[in-house]
Amino acid sequence: MNALLIVAHGSRNPNSNRETESLTDAVRKRGHDYEIVEHAYLELAEPAIPTAVADLVERGVDSITLVPLFLASGNHVERDMPAILEELKKTYPNSRFTMTSHIGANSGFADLVIDHLAEKP
């Protein structure tokens, strides 16, 4: 079984975390190749990445793709996320983990900005 784990920074502001939950729900409802879609946070909110992964593994997931929901590379993208990925691979050697580039690196991101500008506030 495979899962998609959307990873956001996390915030003390519950409204920010609710936006991540809403995005996760929207992705869950779209067509894709993942049987399960969940979210996790790097810090400041729950579930933390290790907690979310433990839950997925407990549910029988053996392949997890992490998507860093960050606009730009920085310490979290370049250092923290790869370190977490390596730790997950050690903790769950029978599971397969992959990580996409951060969302801001997507080639379609410029189109998203243009489409956003066309929306009425």
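Trainee: Does Asp80 count as buried or exposed, and at what relative accessibility?

Mentor: Buried means under 20% relative accessible area, and in this predicted model Asp80 has 18% relative accessibility, so it counts as buried. Asp80 lies in helix H3, and, when residues up to four places away in sequence are not counted, it touches Leu42 and Asn75.

Trainee: Which residues of H1 are buried, and within what arc do they fall when one looks down the axis?

Mentor: Asn17, Thr20 and Thr24 are the buried residues in H1. Seen down the axis of H1, the buried residues fall within an arc of 55°, so they line one face of the helix.

Trainee: Against which elements do these buried residues pack, and which exposed residues does the face turned away from them carry?

Mentor: The buried residues of H1 pack against strand E1, residues 2-8, and strand E2, residues 36-41. On the face of H1 that is turned away from the buried side one finds the exposed residues Glu19 and Lys29.

Trainee: How many salt bridges does a search of the whole structure find, and which side chain meets that of Arg28 in one of them?

Mentor: A salt bridge is called where a side-chain nitrogen of Lys or Arg lies within 4 Å of a carboxyl oxygen of Asp or Glu, and the search of the whole structure finds six. In one of them the side chain of Arg28 meets that of Asp25, at 2.4 Å from N to O. Both residues lie in helix H1, three residues apart, which is about one turn of the helix. Arg28 counts as partly exposed because its relative accessibility is 35%, and Asp25, at 34%, likewise counts as partly exposed.

Trainee: Which salt bridge involves Lys89, and what is its N to O distance?

Mentor: The side chain of Lys89 meets that of Glu86 in a salt bridge of 3.8 Å, N to O. Being three residues apart in helix H3, residues 75-91, Lys89 and Glu86 are separated by about one helical turn. Lys89 has a relative accessibility of 36% and so counts as partly exposed, as does Glu86 at 41%.

Trainee: How far apart are Val57 and Ala3 in sequence and in space?

Mentor: They are 54 residues apart in sequence and 9.6 Å apart in space, C-alpha to C-alpha. Val57 is found in helix H2, residues 49-58, and with a relative accessible area of 25% it is partly exposed. If its neighbours within four places in sequence are left aside, Val57 is in contact with Ile64, Tyr92 and Ser95.

Trainee: Which residues form a nonpolar patch on the surface?

Mentor: Val113, Ile114 and Leu117 form such a patch, and together they have about 300 Å² of accessible area. Patches are made of residues with over 30% relative accessible area and no salt bridge; Val113, with a relative accessible area of 40%, is partly exposed. Val113 is found in helix H4, residues 109-118.

Trainee: Turning to the backbone, which residues does a cis peptide bond join, and what is the phi of Leu44?

Mentor: The cis peptide bond joins Glu46 and Pro47, with omega about 10°, and Pro47 lies in the loop between E2 and H2. Leu44 is also found in the loop between E2 and H2, and its phi is near 70°, a positive value in a residue other than glycine. At 43% relative accessibility, Leu44 counts as partly exposed.

Technical notes. Residues numbered from 1 in each chain as written. Predicted model: local features only at pLDDT ≥ 70, side-chain atom pairs only at ≥ 80, totals over all residues. Heavy atoms only, no water. Patch = residues over 30% accessible without salt bridge, like charges linked within 9 Å, V, L, I, M, F, W, Y side chains within 5 Å. Areas by Shrake-Rupley, 256 points an atom, 1.4 Å probe, with all protein chains shown as cover. Helix = DSSP H or I, 4+ residues; strand = E, 2+ residues; numbered from the N terminus. Buried < 20%, exposed > 50% of the residue type's maximum accessible area, 1.4 Å probe, protein only. Arc of directions from axis to C-beta. Contact = heavy atoms within 4.5 Å.
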